[in-house]
Amino acid sequence: MMTNKKQFLNEVTQQIRSKEAKEYVKKELHHHIEEAKQLFMKKGESVDHAEEKAVLQMGSPTQLGHRLNKIHRPKIDWILMGLISIVLGIGFLPLIVLEPLFEAVNLLSSKVIDVVIGVIILIAMMLFDYRKLKGRGWLFFLFGCVVLVFINVNWMITRINGTRFFEIGPFIISPVLTLPIFMIAWVDVLQKEKFNILQYFGMFFVSVMLIGTTNDIQFLGMYITLVSCMMLIRSLYKKEIKIWASLVITWIVMISSFVFSLQEYHIERIEAFLHPEKYADTGGYIYLKINDLITTAGWFGNSIVEGEYIPEAHTNFVFVAFTYSFGWVFAISLVLLLVSITIRISFIYRKIHDPFGSMLIVGSLSLFATAMIGNIGMAVGVFPITSIPLPFISYGLAPIVLNAAIIGLVLSVYRRKNLIIQSVTNI
């Protein structure tokens, strides 16, 4: 009978395939053996006999190793992967059906490259051990701030529709891609036991001011929603008054700043959204056009006649294009598919017991849901027109990379959800 602790641990871990699980299991089993050893020593056993009994109590190392290998084997959420694959496939439809042939060829080749890059990022993030991010929140926050500062360096930026982008050679980097970076920083701060209110306000307002310099209101809105959602979840669990107070103060300051910074053209845009018929020849035209496309779609859509104008059919208004072309049945099905992804992420959240991993899922879910609700809400007239893309479907590298990164983090957390040994006796 094997009684040596080192040999016992080595034989157990030989049965485990995952390198991550090997080290974790060895550490946990060592801890349990030491606990049992101390109990035997208190009963009067010598050190050697106490360790021998503690090891024997664990049972067969081979059988234990096989059981632990099954329990702690890295998991892949194939349901979420399948849903994402379907959505990525749907993203090709606008280019195949709605675009002229000569434009579709170029757009399709670019779309394929974007999707391949997105899939690579998603898989890389899934395989990456998210726990290595813990304790590095300040590094991520500083990195995100540095990127935004660089975007303000005139010789390194380009402007598209007034929004600043970071340009390095042939690559144009959207500032929105800093969202996962800031998310990781906030996750590291908010999962800590003690909430530092000064640190919160310092981080929030510094980052908001830098984001404001990009002139990307959608970016700013998604960022504020991200932080608010994570703060809200923490407040529900911790029930700390200062968290609620911080959140309320944040929104009061942000709403006040928005109101006092309104210019005349901002007010006109708001009026055009609220009363598009009064601005039919200017800002209200696009709202009336979209409303006409949505309401005349019918259950099964319309054939696209030559000259029919669907604005930004493969980017920001892809949901409008889908609804008009394929009908309300397709639109409802697409909404249900995207909602299924949010439900699946919520289901994963309920299975995670690591505070850091749980908060990562909250942040990822808030970013995905904000983009989905914002884009669809804009299409059906609930929200003003913005440049928020539909996750994984709208054309462009930035939205695919952003969503691939956050879904990859969710899968990384899920993959390691069983790397916690609650009790050896229950295994």
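Patches are made of residues with over 30% relative accessible area and no salt bridge, where like charges are joined within 9 Å and nonpolar side chains (Val, Leu, Ile, Met, Phe, Trp, Tyr) within 5 Å. This is a predicted model, in which local features need pLDDT of at least 70 and side-chain atom pairs count only at pLDDT 80 or more, while totals for chains, interfaces and linings use all residues. Residues are numbered from 1 along each chain as its sequence is written, and side-chain values use heavy atoms, with hydrogens and water left out.

**View 1. A nonpolar surface patch of about 560 Å².** Trp251, Ile255, Phe258, Val259, Ile270 and Leu274 make this patch, with accessible areas taken from the Shrake-Rupley method with a 1.4 Å probe, where for residues only the protein chains shown count as cover. Helix H12 (241–260) and helix H13 (264–274) each give two or more residues to the patch, helices being DSSP runs of H or I of at least four residues, numbered from the N terminus. The most comes from H12, with 4 residues. Phe258 has its place in helix H12 and, at 45% relative accessibility, counts as partly exposed, a class that lies between buried (under 20% relative accessible area) and exposed (over 50%).

**View 2. Helix H11 and the residue just after it.** Helix H11, residues 217–238, has 22 residues and reaches 31 Å from its first C-alpha to its last, which is close to the 32 Å expected at 1.5 Å a residue; the expected span is 1.5 Å times one less than the number of residues. Just after H11, Lys239 takes a positive phi of about 55°.

**View 3. The salt bridge between Arg344 and Asp77.** The structure holds 5 salt bridges, each a side-chain nitrogen of Lys or Arg within 4 Å of a carboxyl oxygen of Asp or Glu. The side chains of Arg344 and Asp77 meet at 2.9 Å, N to O. Arg344 lies in helix H15 (residues 318–351) and Asp77 in the loop between helix H4 (61–71) and helix H5 (78–90), so the pair ties together parts that are 267 residues apart in sequence. Arg344 is buried, with a relative accessible area of 15%, and Asp77 is also buried, at 1%.

**View 4. A network of salt bridges that links Asp129, Arg131 and Arg416.** Within this network, the side chains of Arg131 and Asp129 meet at 2.9 Å, N to O. Arg131 counts as partly exposed at 27% relative accessibility, whereas Asp129, at 11%, counts as buried.

Definitions and conventions:
Buried < 20%, exposed > 50% of the residue type's maximum accessible area, 1.4 Å probe, protein only.
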